[in-house]
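I opened this notebook to record what I looked up in the structure below. The entries follow the order of my reading.

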Amino acid sequence: MKKGLVILISALTLAGCGGGGGGDGDGDGKNLHVYLKEKSVDVVGDSMSATFAGVKFDSNGTTNENVYIGILEPNGRLLEAGDIYFTSDTGGEAVFQFHPGYKIGEGTTESEILIAVCYDQNCNRQASGSPLTVSARYSVELERLTLTDAQNRISKHAVVNDKHVDNPLITQSLAFTGSNSALLNANVDIQGDIVTHTLIDDLYYDGTQSTFTLTSDLMLPSALGAGTHTDTITVSSCYDEACDYPVQGSPITIPVSYQITTGISDPAPALAVGNAHPFNHNVVDAEYIPALDVIVMASSQPSNAAYIYDIANGTTSTFPLPTDPYDVAVDHFATQGRVAIGQAGHITVIDYDPDHPASSPTLHHTSSREANDVLVKRDLVYQTSTYDWGMNAFNTTTQTESTINNNLRKISKMAFHPSGRHMFTTTTAFSPQDIRRLTLDANRSPGNEQDSQYHGDHPMGDNFWLSPDGNQIYTSRGSIFDASISNQEVLTFTGSLPLAQYEEYGHPWDADIIAMSEYRDQLVVADDSPVGTVRILDKSSLIPLQSYPKTQVTMNEREYDEKAIAAMFTDEGHLFVIKQGGDYENKRARLIRLD
């Protein structure tokens with residue numbers, strides 16, 4: 001009798017039945033008889049909430065024993081709980097609590113519910129008429145997730161080095177149908193390397209269904225490279241947190257394919273191998289823009305400006321800046337040619353137009369912070385500060401700035417994972433120095449922080465670089481960490497780069513790495529002063545393949561050692577290094593082609 005017991009049988013004394021002694025009963029229960037006034041329930045359930053229904057019961061005869069009443073469902077399909085309410089001395093109502101419909105299933109389900117009236121808790125002796133049998137019929141209609149968009153897949157074609165590639169966001173319409181559709185939420189999962197971000201928004205309930213928009217942000221062709229790329233977007237929805245009960249139609253799988261062809265090779269650089277192109281300005285920071293085959297530089301001398309150098313024709317475009325620049329970032333993921341420059345109290349965003357460089361759209365934003373480091377992806381510019389903790393984001397569309405992470409220490413450096421879904425940060429001004437990984441949420445805010453396990457055991461230095469495949473992090477002090485997002489162990493130390501050595505004041509020292517780049521199986525590292533060499537290493541073995549010696553520049557009849565600011569491989573594998581020399585107030589840079 002215990003099988004299917006929904007509630008614990010409770011001890012009750014029926015006063016009208018002679019409970020508590022007295023009366024005409026002989027105490028063996030033979031004079032007590034129970035019966036139902038209603039023998040069935042027909043329930044229209046709710047998909048997400050419990051539904052209640054009951055039947056009335058009564059009794060005649062007497063007993064001087066305690067009576068225990070319980071509710072049982074032998075097959076256990078419908079009931080979540082139940083209770084007994086006495087409305088008179090002889091009877092009352094049995095109320096049944098039915099599971100939410102999603103636990104029972106769509107359609108009509110029939111079952112039997114038993115009401116046991118017993119003289120002991122184990123129900124070894126039952127009253128006459130017990131158990132009372134109730135026929136239960138439960139009907140429910142569940143919600144459904146559907147892809148209502150005519151496009152049930154995403155397919156694109158592009159040329160890897162197309163200088164005019166258009167990469168708009170892709171939207172698709174989906175809907176929940178059913179009476180509780182406004183209460184459901186959808187989740188998105190991405191498998192592959194094409195989609196860098198997804199967002200579900202524009203949720204609208206019209207009384208019968210809830211519609212929403214899935215927005216997908218695809219990578220630039222230059223970031224993916226030539227070939228056939230495939231991805232899968234999975235949209236799912238569940239009634240419960242553990243997802244044991246998925247909504248009908250869930251999951252929806254949207255295939256994504258991107259065919260990227262090689263195209264025509266970039267023209268040969270205007271600068272010959274071994275030659276240098278002198279600039280009449282210094283360089284604070286610089287980056288190469290893939291596909292466009294240009295180099296963007298930020299300068300503070302002789303004036304605050306950004307310069308974009310065209311490698312093929314050797315010309316430079318100038319963009320004045322309002323304040324001192326500190327850092328340059330290029331959008332490698334979503335908006336081709338977009339550049340962000342972090343400055344003292346300002347952020348400048350340039351959308352470089354290769355056809356009309358001088359007319360490239362430029363946006364100046366007065367920031368609440370003094371930038372230490374910036375990153376840019378589509379319409380968001382991420383910024384860490386020299387003086388304040390946390391991370392800010394400037395939205396180029398709304399032209400608003402907000403704090404999106406309060407935990408980062410000031411003077412933190414940042415880098416995107418090549419997938420664009422994660423961000424790495426390291427602190428350069430505090431001990432112990434550490435690296436952490438942040439995952440961008442649906443609103444593209446960094447969260448889900450995962451620290452490395454070492455906390456100062458391995459040297460970091462002032463900067464770090466990610467390999468193009470996203471599997472390694474190299475620090476300026478030579479430490480190598482596994483940055484693969486597929487590994488459960490986050491940021492595992494795997495070895496060290498060979499640092500250039502020098503002797504000073506009779507002691508051996510290691511020179512920091514101040515610039516780095518990677519192309520296929522080669523690493524290029526630029527060594528800090530006083531070494532000043534540029535070395536090519538085999539990526540797998542870290543064996544030196546070639547070394548370029550320190551260089552000098554003569555200014556005002558005085559010779560200065562040059563220091564590398566940036567090293568970069570072009571799409572075609574040409575190696576360029578930006579070096580500069582001079583005194584504190586008068587530095588000038590050169591672009592040197594090494595290969």
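**Entry 1: terms and basis.** I take buried to mean under 20% relative accessible area, exposed over 50%, and partly exposed in between, with a 1.4 Å probe and protein chains only. This is a predicted model, in which local features need pLDDT of at least 70 and side-chain atom pairs count only at pLDDT 80 or more, while totals for chains, interfaces and linings use all residues. Residues are numbered from 1 along each chain as its sequence is written, and side-chain values use heavy atoms, with hydrogens and water left out.

**Entry 2: confidence.** I looked up the pLDDT, which is the predictor's confidence in each residue, from 0 to 100. The protein averages 90, and 93% of the residues score at least 70. Over residues 1-29 the value falls below 50, although this stretch has 75 contacts in the model beyond near neighbours in sequence. A contact here means heavy atoms within 4.5 Å. Where pLDDT is low, the predicted coordinates should not be read in detail.

**Entry 3: overall form.** I recorded 2 helices and 47 strands in the protein. Both are DSSP runs numbered from the N terminus: helices are H or I with at least four residues, strands are E with at least two. The radius of gyration is 36 Å, well over the 25 Å that the globule rule gives for 595 residues, so the protein is more spread out than a compact globule. That radius is taken over C-alpha atoms, and the rule is 2.2 Å times the number of residues to the power 0.38. Along its principal axes the C-alpha trace spans about 125 × 60 × 45 Å.

**Entry 4: burial and surface.** Of the 595 residues, 53% count as buried. Among contacts with a separation of 6 or more, 57% come from residues 24 or more positions apart. The protein exposes about 26,400 Å², of which carbon and sulfur atoms supply 46%. Accessible areas come from the Shrake-Rupley method with a 1.4 Å probe; for residues, only the protein chains shown count as cover.

**Entry 5: disulfides.** How many disulfides does the structure hold? I found 2, a disulfide being a pair of cysteine sulfur atoms within 2.5 Å. One joins C118 to C123, with an S to S distance of 1.7 Å. C118 is buried at 0% relative accessible area, and C123 is buried at 7%. The other joins C238 to C243, again listed at 1.7 Å from S to S. C238 is buried at 18%, whereas C243 counts as partly exposed at 39%. With the bonded cysteines numbered in sequence order, the pairing reads 1-2, 3-4.

**Entry 6: salt bridges.** The criterion is a side-chain nitrogen of Lys or Arg within 4 Å of a carboxyl oxygen of Asp or Glu. I examined several of them in turn.

K37 pairs with D58, the closest N and O atoms being 3.7 Å apart. K37 lies in the loop between β2 (33-36) and β3 (40-44) and D58 in strand β4 (residues 51-60), so the bridge ties together parts that are 21 residues apart in sequence.

K413 and D373 meet through their side chains at 3.8 Å, N to O. This pair links distant parts of the chain, with K413 in strand β29 (residues 412-416) and D373 in strand β25 (residues 362-377), 40 residues apart. K413 is buried at 15%, and D373 is buried at 3%.

K563 forms a salt bridge with D528, with 3.6 Å between the closest N and O atoms. K563 belongs to strand β45 (residues 563-569) and D528 to the loop between β40 (522-527) and β41 (534-538), so the pair ties together parts that are 35 residues apart in sequence. K563 counts as partly exposed at 37%, while D528 is buried at 19%. I also noted one network, in which salt bridges that share partners join D469, E518 and K539.

**Entry 7: N395.** Which residues does N395 touch, not counting residues up to four places away in sequence? I found D379, L380 and T400. N395 is in strand β27 (residues 391-395) and is buried, with a relative accessible area of 15%.
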